[in-house]
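Here is a short note to read beside the model. Please keep the sequence and the 3D view open as you go through the points.

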Amino acid sequence: MFEPTVSAGLARSYLGFAVSRGASERALSDTAGIELDSLDDPDNRVPLGAYVKLVRAGKAMTGEPGLPLIFAEAIDLSEYSVVGMLSNAAETMMDSATQLNRYGQLVVEVDIGEGPRFSYEPRDGVMWMIDQRRNPNDFFELTETTFTRLITGPRRFLPRAHVLEVHVTHPEPPHRAVYDSIWRCPISFNAPWNAMRMDHTLATHRVRLEPQYVFGVLSKHAEQLLKDLESSKTTRGRVETLLMPILHTGDIGMDVIAAKIGQSRQTLYRNLKEEGVTFEQVLDDLRHKLALHYLDGKRVSVNETAYLVGFSDPSAFSRAFKRWTGRSPGRR
C-alpha cells in the first residue's frame, strides 16, 4: 500500500521552529526517523508517519502541547511551499481556496476518497467550509495547523474576520487557551465534522499579494510537482524514486529496491509487470533520462556521467548511450 507523504519543506520548517523553541535538531530527526539531508530540497517528500512523529516529538521536547497551532500562525505557508505562494498570488479569496484544493496535497497528502478535500455547504443561511479528511482524529494536530493557516493567513489583508466559528471532531485538549488566543472565534469540540463558518461576503475580496506573472510561473511549477507526485504513486514511480539517490553506488539490484519498498522480489516483479514494465527496463530508462539530463546541460563530463548513472566502466556507458540515442556520449 502506498504511504502518504508531506513536503520536505513543511517538515524542515516545523523542525526548525521546534528547534527555535528549545528542541534538539538531532533528537527530533532521530525520533522521527528523518535524515536531515533529505530536507534540503523543500520539494522532496517525507513519509506522513515520520512527520506525525516529528510533530509530536516537537511538542514533547519543547513542553508546548499547542506547538502546531503556534507554528502555523507564526510561519506562513508561502515560506516553505509553492502552494502558499500560489494562494497569495490568487485573484480573490475564492480563487485562493481553489488553489488550495488543487495543490494542497503537495504540502500533505491525506485520505479524502473522491472529490476535493474542502467543500462548501450552506446551512441555515450561512456558509461552511468543510474539511473532508477521513479519520481526522488519528492526527488531530493536522486539523490544528490547517485551520490555523486558513484562519490567520488572510488576516494580513482582509478588512475583518472571515472565519466566524469553528467545529472540530477531536475532544477539547488541555491547551484550549491556545486555540482561543489564535483562532479568536467560538469553537466547538467533539463536533460531528471539521468545519469553519465563513463570512461569504469576503469570497470575492481581492488577494493578489504577488503579480499575475508570478502566478503563472508558480502554476507551471506546481503542475509539474503534482504530476511528479502522482507518478510516484505507481510502482514504477516508487522504484525510480528509490533508485535515483543510489544509482552511483552500484547497489541497485531488484532485491535492494524490493526491501526498501517492503515487498518481496516476487511481489515487486508482479506489480511492475501489471504496469507493463520490468525492473531492468525501469533502470535502463532512468539511466537514459538522467544521462541526457547531465550531458545535454553540460553539467558534468562523460566519465562523471557514467559514474552518476551507475556504470563503473565508461566504455560500458558509451555502448549503452549509443544504444539509447544512436550516437556516442561525446557528440552532443
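1. **Terms for angles.** Angles under 35 degrees count as roughly parallel, over 145 as roughly antiparallel, 65 to 115 as roughly perpendicular, and the rest as oblique. Axes are lines fitted to C-alpha atoms, for helices over the stretch in contact, and angles run from 0 to 180 degrees between N-to-C directions.

2. **Basis.** This is a predicted model, where local features need pLDDT of at least 70, side-chain atom pairs count only at pLDDT 80 or more, and totals for chains, interfaces and linings use all residues. Residues are numbered from 1 along each chain as its sequence is written, and side-chain values use heavy atoms, with hydrogens and water left out.

3. **Overview.** The chain has 15 helices and seven strands. These are DSSP runs numbered from the N terminus: helices are H or I with at least four residues, strands are E with at least two. Of the 332 residues, 47% are buried (under 20% relative accessible area; exposed is over 50%, partly exposed in between; 1.4 Å probe, protein chains only).

4. **A helix pair.** How do α10 and α11 lie to each other? The axes of α10 (residues 235–243) and α11 (residues 254–261) come within 10 Å and cross at roughly 105°. The two helices are therefore roughly perpendicular. Arg 238, Val 239, Leu 242 and Leu 243 of α10 meet Ile 257, Lys 260 and Ile 261 of α11. These contact residues comprise five nonpolar, no polar and two charged. (Ala, Val, Leu, Ile, Met, Phe, Trp, Tyr, Cys and Pro count as nonpolar; Asp, Glu, Lys and Arg as charged; the others, Gly among them, as polar.)

5. **Glu 240.** Glu 240 also sits in α10. Is Glu 240 buried or exposed? Its relative accessibility is 16%, so Glu 240 counts as buried. Beyond its neighbours within four places in sequence, Glu 240 is in contact (heavy atoms within 4.5 Å) with Val 282, Leu 286 and Lys 289.

6. **Helix α4.** Six of the eight residues of α4 (residues 67–74) are buried. They are Leu 67, Pro 68, Leu 69, Ile 70, Phe 71 and Ala 72. Their cover includes α1 (8–20), α3 (48–62), α7 (140–152) and α8 (176–183).
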